Amino acid sequence: MNPAAEKGQLFDRYEVVGFIEEGGVGAVYRVVHTELGSPHAMKVLHPGACTAIQHALHREGRIQANMNHRNIVRVTDLFRLQGTPVIVMDLVDGPALGDAVDGDPFDFDEAVWVFKELVRGVHHMHGRGVIHRDLKCENVLLSMESGRRVPKIIDFGFAVDADDHPSLSLLTDHYGIVGTPEYMAPEQISNAAGVDHRADLYSLGCIFYEMLTGFVPFEGDSPAEVLGEVMCGEYAPVSDRRPETPKPLCLAVDGLLRWDPSDRFQNCLDILRALDCA
């Protein structure tokens, strides 16, 4: 158990029953609503978090709470404890997509089914004017529903919405960047505040590439090296990594990983149409 919260500790109406994971600015716990008995996940900031981080978590909760789609984890409560915001979400009892891949590519039919579900969640998000800016396999949880793995998008800490100027997203990682190098669009590296929804489409291409091959398209020994590879724009085609991959799936990845945003698929519906023809 992370020392910031102990089993049995109460946070407002929620009792901590387990630890889920720790991130750079806080930790996520398994909790139970003391009156309803319902299970949830709760994100709590590390003690002493600065005002900027507190503001960012509050924004994250408000943005995510306005998403209503089965492929996006729902925020059910947002409250303050001694002035610090706390987010409560639906609990997903399943691994992250990255853990499910872990170097072992998905079966093609399963990859297409899961990826299309993920794209539908992103389409809903974009329809609400939200750009995630940190889509990656670790920010997608897999829930088992009716015998199928269903992706659920989490972690809107870098997200911006139509009511924000992108510069209001105050969180960066410990390298001072907005996003994760292996999944970042080139334009996000050079100007994170100025990106549009097509940066998320590029990240989807990185995710699909990983699902099909077990590798990320751009690798390096350091974040700076990865970012350099992304800016160069050259990666091993899916067909080199996995020669038996159906051509339409290779074309879908290539259509998402174009260096110039105007050369990519322009929206999620374009992706779904391409995959429907696969």
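Predicted model: local features only at pLDDT ≥ 70, side-chain atom pairs only at ≥ 80, totals over all residues.
## Getting our bearings

Helices and strands here are DSSP runs, numbered from the N terminus, with helices spanning at least four residues and strands at least two.

Is Arg 133 buried or exposed? Buried means under 20% relative accessible area, and Arg 133 counts as buried because its relative accessibility is 2%.

Now look at Ser 146, in the loop between E7 and strand E8, which covers residues 148-153. Phi of Ser 146 is near 55°, again a positive value in a residue other than glycine. Exposed means over 50%, so Ser 146, at 82% relative accessibility, counts as exposed.

## A serine in strand E7

Strand E7 runs over residues 140-145 and includes Ser 143. This serine has a relative accessible area of 14%, so Ser 143 is buried. Its side chain makes a polar contact with the side chain of Glu 145, at 3.3 Å.

Which residues does Ser 143 touch, leaving aside its neighbours within four places in sequence? They are Val 92, Arg 148, Arg 149, Val 150 and Lys 152.

## Helix H9 and its buried face

Next comes helix H9, residues 268-276, whose buried residues are Cys 268, Ile 271, Leu 272 and Leu 275. Seen down the axis of H9, these buried residues fall within an arc of 95°, so they line one face of the helix. They pack against three partners: helix H3 (108-127), helix H5 (198-213) and helix H8 (247-256).

The N-terminal end of H9 has a cap, Asn 267. A side-chain oxygen of Asn 267 lies 3.1 Å from the backbone nitrogen of Leu 269.

## How H3 meets H9

Take a closer look at one of those partners. The axes of H3 and H9 are 9 Å apart, and the two helices pack at an angle of about 160°. Angles over 145 degrees count as roughly antiparallel, and H3 and H9 are therefore roughly antiparallel to each other. H3 passes H9 in a left-handed crossing.

Which residues make the contact? From H3 come Phe 115, Lys 116, Val 119, Arg 120, Val 122, His 123 and His 126. H9 contributes Cys 268, Leu 269, Ile 271, Leu 272, Leu 275 and Asp 276.

Note on methods. Residues numbered from 1 in each chain as written. Heavy atoms only, no water. Buried < 20%, exposed > 50% of the residue type's maximum accessible area, 1.4 Å probe, protein only. Arc of directions from axis to C-beta. Contact = heavy atoms within 4.5 Å. Polar contact = N/O pair within 3.5 Å; in protein donor to acceptor, adjacent residues only side chain to side chain. Axes fitted to C-alpha atoms, helices over the stretch in contact; angles between N-to-C directions. Parallel < 35°, antiparallel > 145°, perpendicular 65-115°, else oblique. Left-handed = near helix turned anticlockwise from the far one by under 90°.
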